[in-house]
Amino acid sequence: MSDADRSFWDAHAASFDDEPDHGLRDERARDAWRRLMTDHLPPAPADVVDLGCGTGTLSVLLAQEGHRVRGLDFAGAMVSAAASKAARAGVDVDVVQGDAAAPPYEAGSCDVVLGRHILWALPDASRALASWVGLLRPGGRLVLVEGRWSTGAGISAEDCAALVLEHRETVDVTPLRDPALWGREIGDERYLAVSLR
Ligand SMILES: C[S@@+](CC[C@H](N)C(=O)[O-])C[C@H]1O[C@@H](n2cnc3c(N)ncnc32)[C@H](O)[C@@H]1O
């Protein structure tokens, strides 16, 4: 990770939640993400790590659902925003600053490794995935939300699935086209990739 990358995300922390899918300020969007997460995570309470947690929106949502959540981000402003959001919501989320490519957690300590819009940003996604898989307990799952956006940034579902299969036996990809998730109709590729083993 570079200082320039970190500065970029630090600079975006204050306005990050203005995007409907980031802040989930609209109840319809919040419900859509809550449903998606509930459908694809194990029953609460599970030990979840949210890598590249940003302003902590999903971390807080999952803590409110009864999960034990740890969040990590390399941008100090994102970490502060996430910690404040958890405090305002009255939930415990252990948020730390660190590199998602090498998360500072004990091997085999998680039921779920969650990453929304983070894998695409890592210089060596395969290596990062290897370390994420190492965090999982037997029976743990990898839950990734990624996309190949109209901006040209991101990672295709096909490439993401191939990366996951370098480290896991299975991956199920679900397209995420429901406008409720994004606050608008979308025309680019957005998906959930879940690996159960
Ligand atoms: C597009 S945002 C997604 C934030 C959050 N997951 C969400 O979906 O709302 C990407 C986040 O990843 C963080 N990030 C990028 N590279 C990282 C790295 N190497 N280690 C930790 N965090 C990183 C950024 O600071 C930013 O908060």
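Me: How many aromatic pairs does the structure hold?
Reply: This predicted model holds four aromatic pairs.

Me: Why is the pair of F8 and W9 called edge-to-face?
Reply: The ring centres of F8 and W9 lie 5.0 Å apart, and their planes meet at 90 degrees. Centres within 6.5 Å make a pair, and planes over 60 degrees apart make it edge-to-face. So F8 and W9 are an edge-to-face pair.

Me: What makes F8 count as partly exposed?
Reply: The relative accessibility of F8 is 43%.

Me: Is W9 buried or partly exposed, and how do you know?
Reply: W9 has a relative accessible area of 24%. Buried means under 20%, so W9 is partly exposed.

Me: What makes W120 and W149 an edge-to-face pair?
Reply: Their rings are 5.5 Å apart, centre to centre, with 80 degrees between the planes. Edge-to-face needs over 60 degrees.

Me: Where in the chain do W120 and W149 sit?
Reply: W120 is in the loop between β4 (110-116) and α6 (125-135). W149 is in the loop between β5 (136-148) and α7 (157-165). They are 29 residues apart, and the pair links distant parts of the chain.

Me: Why is W149 called buried?
Reply: W149 has 16% relative accessibility. The cut-off for buried is under 20%, so W149 counts as buried.

Definitions and conventions: Residues are numbered from 1 along each chain as its sequence is written. This is a predicted model: local features need pLDDT of at least 70, side-chain atom pairs count only at pLDDT 80 or more; totals for chains, interfaces and linings use all residues. Side-chain values use heavy atoms; hydrogens and water are left out. Rings of Phe, Tyr and Trp (its six-membered ring) pair if their centres lie within 6.5 Å; planes under 30 degrees apart count as stacked, over 60 as edge-to-face and the rest as tilted. Buried means under 20% relative accessible area, exposed over 50%, partly exposed in between (1.4 Å probe, protein chains only). Helices (H or I, at least four residues) and strands (E, at least two) are DSSP runs, numbered from the N terminus.
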